[in-house]
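Dear colleague,

My notes on its backbone and strand arrangement follow it.

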Amino acid sequence: MMENGFNRRDFLKVLGWGGTAVALSGCGNTSVEDGRETVNSYVEAADYVIPGIGVYFNSTCAQCDAGCSIMGKVREGRVLKLEGNPDSAINRGKTCGLGQAGVQHHYNPDRVREPLQRKGEIGVTITWEKAYELIAEKLKDVSGEEIAFLSGGVSGHLKVLLDNYLASFGCRNHFVYEALAPAVVRAANKKSYGVEMPRYNINKAKVVLSFGADFLGAWVSPVHFSQQYAQFRKGVDGERGVLIQIEPKMTLTGANADRWIPVRPGTEGVLALGIINALGTAGGDIAALVKDYDKVRVSKETGVPPGHIDKIAALLKLRSPSLVLAGSAAEGYAHGSQNAAAINLLNHVLGNVGKTVEAAAEVPFPQMAPARGNTAALKALNDGLAAGKYKVLFNYAANPIFTAPGGMKFKDNWAKADFKVVFAHYMDETALQADLVLPLDSALEDWGTHVPEYMADGAQINIQQPLMERLHANTRGMGDILLALIKQRRPEDYKSYEDYYGYLRAAMLQNKAALGGGGMDDDTFWSETLSKGIVKLAGAATTAVHSKAGATDLTLPAATQDAQYPLQLIPAVNVSLRDGRHANLPWLQESPDPLTTIVWDSWVEIHPKKALEMDITEGDIIEVTSRTGSVKAQAYLFPGIHPDAISIPLGQGHEALGRYAKGYGVNPFQILDAVFDKETGELAMHETRVKISKTGQRVIVVKDESAAGAKQIRKKIAGRMSTDNVDLSKEV
Amino acid sequence: MSRHHLLALFDNFDEAEAAIVELRAGNIRGFNPDDLILKSPIEHPEVEGVLGNKPVHIQWFTLVGAILGGLLGFFLISGAQANFFAQIKGGKPIVPLPPNFVLTYEMFILGGVFITVLGFLICAGLPAKRSPLYSAKVSEDQIGILVSGDESAIAALKAIFSKHKALEIQEEAGK
Amino acid sequence: MEKDIRENIAWAQINKDVLRSLEAPRPLYWVILLVALAMVGVGVGCEIYQYQTGIGVANMNNPHVWGLYIATFIFWIGMSHSGTLLSAILHLMHADWRKPIYRFAEAMTTFSLMTAGLFVMIHLGRLWQFYYSLPYPNERGLWPNFQSPLLWDAMAIFTYLSSSIIFLYVGMIPDLAICRDNMHPGWRKKLYSLLALGWEGTDRQWRNFRVTYLTVACFLIPLAVSVHSIVASDFAMSQQPGWHVTSFPPYFVAGALYSGCAAIISLFIILRYVFKFEEYMTLSILKKTSRLTFAIAMVWTYLNAVEFASVWYSHDEAAKDVLIQKATGTYAPFWWMMIFCGSVVPLMLAFKRFQANIPVLFAVSLLLNLGMWLERWMIVAPTFSHGYYPWAWDHDQWPSLVQWGIVFGSFGWFALLFMVFCKVFPSVSMYEVKEMVYHRSLALKNGETAEEGVH
Amino acid sequence: MSVNNLLENWAQFRHFHPVDDKPHDPYKWAMSIDLDACSGCNACSVACYAENNIPVVGKEKYAHGQAMHWIRIEHYWDEDIGVPGGREFPEQGAQFLPMMCQQCEAAPCETVCPVGATNHTADGLNSQIYNRCIGSRYCSANCPYKVRYFNWYDYPTTDNVWPETMTRQLNPDVTVRSKGVMEKCTFCVQRLNAAMSTARSEGRKVHDGEVQTACQQACPTNAISFGNLVDPESRVAKQWARQQVELTKDKQTKDAEPGGSRLRGYRILEELRPYPSVMYLERVRESAV
C-alpha cells in the first residue's frame, strides 16, 4: 500500500514548500485558504495525484512522546487517516486510538488561526510582523536571566534551534515540563541501571511484575509495549507469559493481568522488598536490607495476603527471565524514588538486568537528544515566577495553568511575569492568560525531526513532514517562528536559511554520512529520508547497564493515617486524554474509558465496600476535598481500586480549549497538594489526601456499559480458559 | 305492441307473496311470469321459492378470483425474487416457500374478495339507472311488485294487485 | 327477559331515527369532535417535529429501536378485529342481535386499520421513502423483500383494509338507498345517489347481495385471523427472546378480538347516547356484548398463561429472563397493570348486575383497552430492554413526549374519523334492523300461534 | 421472462445457505480475534471512526443510548466481584471483547428487512444499502448482537458533529449517512472492493495480508486477523482450521470431546444459528497465580 515511486521534490513544490517564502499557498493543487476551495485541473497534475486514490506519506505521530511513525493517507490534497508505519521499530505499523485521533487536532474547528495580542480582556488580531516586532521590543531591555521559556518535551532540530535562540541572549531558563512524565523512575533507573530509560524486553520475559506501570495504556511507549505484550502472551516456546500487576487503582494493564493485586497506596517499595525477602536468593547488603521485611510485616503494611507474596516469589523463581517494572503508581509519593529503587532492585536480584532490562541505543547527536520533561521544572519556574525573577515568559507545548497542581498557585504566579508569549494550537487555559498568542501549525502541517525518548531496537530519528497544505493561512510552524526570532538576534548566522524546512534540510544533509547517507547525492538522500520517514542509525552507541545493584540506602516510611483526610487521591491517567491536551478531540471524548466505559465526563472511582459504608451509589455527585481545594463529580463504584483510595481521571475539566473540551468533567490537578519527591523534587502526584462527602445530587452516569453491569449472564460471550486446559502449542 | 309496466305497493307482505303466487299461477295472456320483479326494503329469502328458480352465479366469480389472485401472488413474488434478489438472505433460499405461501394466501383472499364484488356488480346489474317506476316506500316498509306485460294483460294484473290489497298501483306505458 | 329490540317498532320509525342521527346528534358530538381535533393537532405537531428533526426525538435508541409506535400499531390492528367478529363471524352464526351494532363496529375496523397504517409510516426513519416497501413494478427492477414479516404485514393490512372497506360499503348499499330516498336535494343526496349505485331492492339485487355478503364474510374471517397472526409473526418469526413464541399468533388474535370487543362497548355507550340510539342499541345487546367480551377475556387470559407457562417450562434461558424481567424489572408496574386490567377487571363482566350497567361497563371497557394497550407495549419493550446480548441491555429507556404525543394524537385521529363517519353514514344498519324486527315479529307471531294451538 | 427463469432455475433458487450451499468462491471474508491479546485499548474503535465517517454524537445523545460505535469494546468482570458475599477485588482483571457486526452467513437481520436493504454478498459479507433503507429498524430488532446502529438524527447537519473544518477529514470512499438509515460494520468494504478490483485487473486473487480492515491495521497487539477463508493459505483460514471452528456448523464437533476441547476458538451465540464470520479465541488465565 505504500507508494513511494514519485519525485518527492515535486510534492514539496506543490505544497508550497519548495523554496519560496515561509508562508502562503498559491501554487498548490488545493487551496483551503479562507475556506474557499479552488477548482483544480487534473490534466496536468503531478503523477502521484490520482483522483480517487489515496497516497501515503510518512511522518511522525505527535500525540505523545513515544515517537511512533505514521503514514498519512492523502487524497486530493487532504490528509484523511493516519496509519502506523510498518518500518518503525517502535510501532511496527500500529497505532493507538490517541494516534488515530491526530487528524482531529489538525482539522479541529477551534484552532487559533491568527496571532492575537491582548488588549485588556480581549485578544486582537495582529500580523506576524507586528508580533515579531513586539517580541523584539519586549526583549530589548531585559537580561537573559529575566527570560524564561517553558516547553513540553522537545528533541531534534527544534531543540537545537531553541537552545541556540535562548543562548543568543544568554538565557539558561529553559524549563522542560511534562505533567505526566516518569521522571522519578528515570532518576531511579539512572541510579539502578546507569541509564534513565533502559530497553524493557517484555516479549522476552516469562513473568512481568509491574508495580503500577500502565505500559498497555499510557506509560512511556504504549504501542511498542502492546506489541511486545502480544508476543509475551503468545509465549516463548509455547510458555505463555504471566503478567502480575500491583497497584492501588486498576489500570488498563492491570485489567489485562493474570493477577491484579491491590496494594495500599505508597507501599509498593515495601512489597518489592518483601518479595526479595521471600525469594531468599539475595545476598550481601541486599539480604541485610530486606531481612526485616518478612511476610507478616509486609502483608500488614501493604495489605497483600502473605499467600500472594509466596506465590509471586515462587513463580518468579520458577520462570526466568522475568521483568519488574516501576510505573507511575509507584513513583508518585514523597518517597517515590525509594519505591522505584526498591522495585528496580528486584530486577537485579532476579538477574533480569542484561536480559530483559537492556541498554537502549542512543542517538549520537547529544544536542538532538530529547529534553525530557518533568514536574520539577515547573516547580523551579513557579518559584522563580513567585520571586518575580522573570519578566518575559514563553510557553510552548504545555498548558501549565491547567496541569499545575492547585497547591502551586501557578496561575497567580504566572501573572507576575510582565509579558507572556504562548505558542498555541488552541486557546487553552494558558493561552487565555497570555499577552501574545502565536498560532501554530498542526503536527500534520509542520516540519520537524524527533528523537524518541524511548528507543526500541536501535536508534532512530523520526522525520515529521507536512501531510497537507496549511489549513489556515496564518498559522506557522514552531521551527519557522524560532528561526524568525533567532534571526532577530543573529541575522548573519541564519540568513542562509529561508525557512525551517531549509534549515532542517541543510542540517540533515550536513550529517549525511552519519545518518547513513554516505555516498548518496543530496537530493536522493533527502528524498529517501522523507519517503521513509525514519532515519535508522546503524551501530549507534549504547551505554551498558549496571549489572550490579547500586547502593541501597532505602528508607521506606510506613503508611500513615490521616483522620481528617482519610482517603488517598489517585489522579488516574486516561489512555486517551492524558494530561488534558487531547480533551478537545471528539473521537477521544466519545471513546469509552476501557474500565468504566464512561464518556464525556469525569468520575470519582470508589470501591463498593467504601461506597456502602458511606451510602454512596453510582451517579451520586460527591465532593472531593483536599487541603488545596475541592471538586464535585459523579461517583462510579468500581471494585478495582483499593478501598482506602479514590481516583479521578485526569484530562477533563477544561475551562477553555474549545467546544469539545470546555465544560466537561472536573480537573483533579486543581486539588493536588504541592508535595514533592524528596530525592528528585518531582511532584508527588499520588500524595494528596482527600475526604469525600455526598452532595445529595445524583445524575445518570453516561457510559457504554449496560444494565447487565458487564456480566455475561450465563452466556458464553467473552470466553476464558485456564492455562491448565488450553493447548497453545500449535496455534497459528 | 307496446308493453306496460306496473308497480304495485303492499304493506302486507303475506298479501304480496300471495299476489306473486297468483301472478305466476294465473297464466295471464300477454304476461310472462318471469317479467316480475320484487322490490323490498329487506331481504326475503322465503319469497324466492315463489319467484321460481333463479340461480346465483357469484361463487364462480369468487373461485376464479381467488385462484387467479393466488397464482398471481405466488408467481409475481417468486418471479420477482428470482430476478431481482439473486442474493441470499439470511441463509434462506432465494425463493423461500413459507413466506411466499403467506403472501399467496393473502393474495388469494384479495383476489377472491375483489372479484366477488365485481361479480356482484355484474350479476346484480349495478350500478344501474333507476327505473321510472320506483317508490321511496320500497326502501322504507313496503314491498313493490313490478310487472311488465302487454297492454292486454294490464287489467288482469291490476285486478290481482287490487285483490291483494295493493296500496297503490303505478302504471307506465313503456316501449 | 329483556328484548334485544322491540318487535313492534315501525319501519318508518327506524328510518326516521337513524336518518336523524345524520343531522341532529346531541351537543356532546361536537365536543367529542373538537377534542378529537385538538388531539390530532398535538399528534400532527409532534409528527412534524419528528419528521424534520429525525426519529431520535422519540428517544428511541439501540437496543430500543422500536417504541410505542409499534405497540400502538398492534393495538389499532387488534381493535380492528371486532368489526369482523361482529359482522362476519356472528353473521355466519346467525346471531341476529349483532345487526344494530355491526355497522359501527365495521367502521371501527376500517378506521382503526387506517390509524394502524399511519403508525407503520410514523415509525419509519425515512417516511419519505415509504413507497420503497410497496411491490410496484418500477424501472429500477426493485422489489421489496417478500421474506420480511413486515411486508406480509403490509400485504395483509392492505388486503384487510380494502376488504373491510368493500365489506362495509357493500353492506351499506341498501341503507344508502334509503338515505338517497329520504334526503332533501343537496350534496348529501348526490353523494348517496352516487354511492347507492341505483339500488332499488329488487329480488335480483337482494339475491346476489346475500351471496356476496356471505362470501366476503367467509373470506374476512380467515383474513382477520391471518392479519393478526402475521402481526404476531413480526415478533414470533424473529429470533428475540420473549418474541420467538409459538403461541403468539392465537394469542394475538385473541387479544385483538378482546380489545375490539372492549372498544365496541365503549363506542356502543357513546353512540347510544350521542345519537339517541336507545331503541336500537339496547341494554340486552350490550349485555350480550359484555358476555362475549368476558368469554374472550378468559381465552386471552388462558393464552397469556400458556405463553408464560411454556416459557417457564422451556430451557430457553433468555426468554425466561425476559419474563422475569417483565414481572420484576423496570416494566413490572405496567406488566402487572396489564394483568390486572386484562384478566382481573373483566371478571366484573361475569356479574349480571354489571353486564348492562352503563357507567360500570364504560369504565370497565376503558380499563380493558388500557390493559390491551399495555399488553402490546409489554410485548415490544421488555424484549428490547433485555435481549440476548447482555451488553446491549437497557432497562431505563423511556419514550419521549413526542412519542406519547403521537400515540395520544392517534386516538384523536381515530375518534375524528369515526365520528365524522357516523355523522355522514348511517351507523345503524336500517335494513338489517328491519329484518331483525321482521323475523322476530314473525317468530313471535308463530310462537303465539303455536301457543294458541296448545290451548 | 421471470416465470421461465423461475421454472428453469428452480433447483438453484431452492439452495439453502450456508448448510447445503457451495462454498464461497473466490472470497469469503472472515475474521478472528484473539481475546488473549486484546488489551481493550480502544484503538480499533477510534480507527473505525476515522475510516468510516462515524459521527460523534455528543454526551447528551450518548446518554440516550444513541452512540454509533460500529466496533465497541466490551468488558466482562467475574460475576462475584464487588457484590455482597462476593470477592472484594477483580483479581483476574477484565475480559475485553471487541464486538462488531459478525457478518453472519445466515444473518437474522437480512430476512426481515422489508425493502431488502441488507443482503448477503457473494464474498460473504452482510451488506447494508443506505439509500434503499427506509428505517424500519427491524434488522436491529432481530440482531442478537445488537451491533446495528441507526441514524436517529441527521448527523451531517447536526451542530458540532462535523463542523466546518472537520468535514475535510471525511473519507470520500465511504458515504456520510443521512437521517433515518441503519448502518453497521462493513468489514471496511471500501478497502475490500479496492483490493479485489486491483487483483481482478491484474488477473489474480487478493493475497493474504494485502487488505486490512481499519481496526486490524490499528490494533497494537495484533489481536485481529482478517482475510479470505476460502484461501487455505490465509492466516484466518489457518486459524479457523487449527481451532476446528467450521463456518457452517451451529455446534462444533470439537466441543463434543469428553472433558471439553483444549482449543480456544468459538463463536458468540453460535447456537442461534446465524453462522457468524467472526471467530473469537478465548482469553487465557494463568492458573499458577
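Pro321(A) lies in the loop between helix 12 (306–318) and strand 12 (322–326) of chain A. In this predicted model, the peptide bond that leads from Ser320(A) to Pro321(A) is cis, with omega near 0 degrees. A cis bond is also found in chain B, from Leu126(B) to Pro127(B), where omega is near -10 degrees. Pro127(B) is placed in the loop between helix 4 (97–124) and strand 3 (143–150) of chain B. For context, most peptide bonds are trans, and most residues other than glycine have a negative phi.

Two residues of chain D deserve mention for their phi values. Asn222(D), not a glycine, has a positive phi of about 50 degrees; its place is in the loop between helix 8 (214–218) and strand 8 of chain D. Gln244(D) has a positive phi near 55 degrees and belongs to the loop between helix 9 (235–242) and strand 9 of chain D. Asn222(D) is partly exposed because 18 other C-beta atoms lie within 10 Å, a count between the limits of 12 for exposed and 20 for buried. Gln244(D), with 15 such atoms within 10 Å, is likewise partly exposed.

Strand 1 (residues 29–34) of chain D pairs with strand 8 of chain D in the antiparallel sense over 5 bridges, and Ala30(D) stands opposite Gly227(D) of strand 8.

Yours sincerely

Note on methods: Residues are numbered from 1 along each chain as its sequence is written. Chains are lettered from A and ligands numbered from 1 in the order in which they are written. This is a predicted model: local features need pLDDT of at least 70, side-chain atom pairs count only at pLDDT 80 or more; totals for chains, interfaces and linings use all residues. Two strands pair if DSSP finds at least two bridges between them. Helices (H or I, at least four residues) and strands (E, at least two) are DSSP runs, numbered from the N terminus.
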